[in-house]
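Q: I have a model open and want to go through it residue by residue. Can you take some questions?

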Amino acid sequence: MSNDFNAVSFLGRFAFAAVLVFGTYNPTAYSYIGWAFAEGAEFGPVRALIGILLIIGWIIFLRASFNSLGPLGIILGTAFFCAVIWLLVDQGWLSLESPGMITWLALLLVAVLLAVGMSWAHIRRRLSGQYSVDDVED
């Protein structure tokens, strides 16, 4: 197993996180939430199977993110991204009159936070030289 970590590794994690986040919900009808709860939609085995797969994905990403970043890291990451949105609104680059755009941006930032959480052990090792317990071989 290779411990190489680079921008492509991070982008791969981000791509999976983005598929998970935007596939679960987005402001269009093209998401699991929009599809499963559409008017006249019947809940059946296909919707159940996809829902279970999404739950598994969320558990994997959330557990890894909470284990690597910890509660304080999650809070600080969330606060940082909220401040980014606040800055964009304050600078006039993002309007509060467009809730759809804010939703898209918030979902994108959730995907970034999940990708950072999945990558944090590698990033921390690069920055500090310290290995995680999971990285040490027997």
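Predicted model: local features only at pLDDT ≥ 70, side-chain atom pairs only at ≥ 80, totals over all residues.

Q: Which helix is Ile60 in?
A: Ile60 sits in helix α3.

Q: And how far is the C-alpha atom of Ile60 from that of Met118?
A: The two C-alpha atoms are 9.2 Å apart, while 58 residues separate Ile60 and Met118 along the chain.

Q: What does Phe61 touch, leaving aside its neighbours within four places in sequence?
A: Phe61 is in contact with Arg13, Phe16, Ala17, Leu20, Leu114 and Met118.

Q: Zooming out, how many helices and strands are in the protein chain?
A: The protein chain has four helices and zero strands. Along the sequence the pattern reads α-α-α-α.

Q: What share of the residues is buried?
A: Of the 138 residues in the protein chain, 28% are buried. The exposed surface comes to about 9,500 Å², and carbon and sulfur atoms supply 70% of it.

Q: What about contacts between residues 24 or more positions apart?
A: They account for 65% of the contacts in the protein chain that have a separation of 6 or more.

Q: Which residues make up the largest nonpolar core?
A: That core has twelve residues: Ala17, Ala18, Leu20, Val21, Phe22, Tyr32, Ala36, Leu54, Phe61, Leu107, Ala111 and Leu114. Two or more of its residues come from each of α1, α2, α3 (45–90) and α4 (99–128).

Q: Which element gives the most to this core?
A: That is α1, with five residues. There is also a second, separate core of eight residues, and Leu69, Ile85, Leu105 and Leu113 are among them.

Q: Why would nonpolar side chains be buried together?
A: As a general matter, that is how nonpolar side chains tend to be arranged in soluble globular proteins.

Q: Switching to rings. How many aromatic pairs does the structure hold?
A: There are three aromatic pairs. One of them is Tyr32 with Trp35, edge-to-face, with 5.9 Å centre to centre and 65° between the planes.

Q: Where do Tyr32 and Trp35 sit relative to each other in the helix?
A: Both are in helix α2, and because they are three residues apart, about one helical turn separates them. Tyr32 has a relative accessible area of 13%, so Tyr32 is buried. Trp35, at 32% relative accessibility, is partly exposed.

Q: Which other pair is edge-to-face?
A: Phe80 and Phe81 form an edge-to-face pair, with 5.4 Å between centres and 65° between planes. Phe81 is buried at 15% relative accessibility.

Q: What lies over the face of Trp35?
A: Arg47 does, at 4.3 Å from the ring centre.

Q: Last one, Asn26. Where is Asn26 found?
A: Asn26 is in the loop between α1 (7–24) and α2 (32–36).

Q: Buried or exposed?
A: Asn26 has a relative accessible area of 5%, so Asn26 is buried.

Q: And what does the side chain of Asn26 pair with?
A: The side chains of Asn26 and Thr28 make a polar contact of 2.4 Å. A polar atom of the Asn26 side chain also lies 3.0 Å from the backbone oxygen of Tyr30. Setting aside residues up to four places away in sequence, Asn26 touches Ser31, Trp104 and Leu107. Leu107 is also one of the residues in the largest nonpolar core.

How values were computed
Residues numbered from 1 in each chain as written. Heavy atoms only, no water. Buried < 20%, exposed > 50% of the residue type's maximum accessible area, 1.4 Å probe, protein only. Polar contact = N/O pair within 3.5 Å; in protein donor to acceptor, adjacent residues only side chain to side chain. Contact = heavy atoms within 4.5 Å. Core = buried A, V, L, I, M, F, W, Y, C linked by side-chain atoms within 4.5 Å. Phe/Tyr/Trp six-rings, centres within 6.5 Å; stacked < 30°, edge-to-face > 60°. Lys NZ or Arg CZ within 6 Å of the ring centre and 35° of its normal. Areas by Shrake-Rupley, 256 points an atom, 1.4 Å probe, with all protein chains shown as cover.
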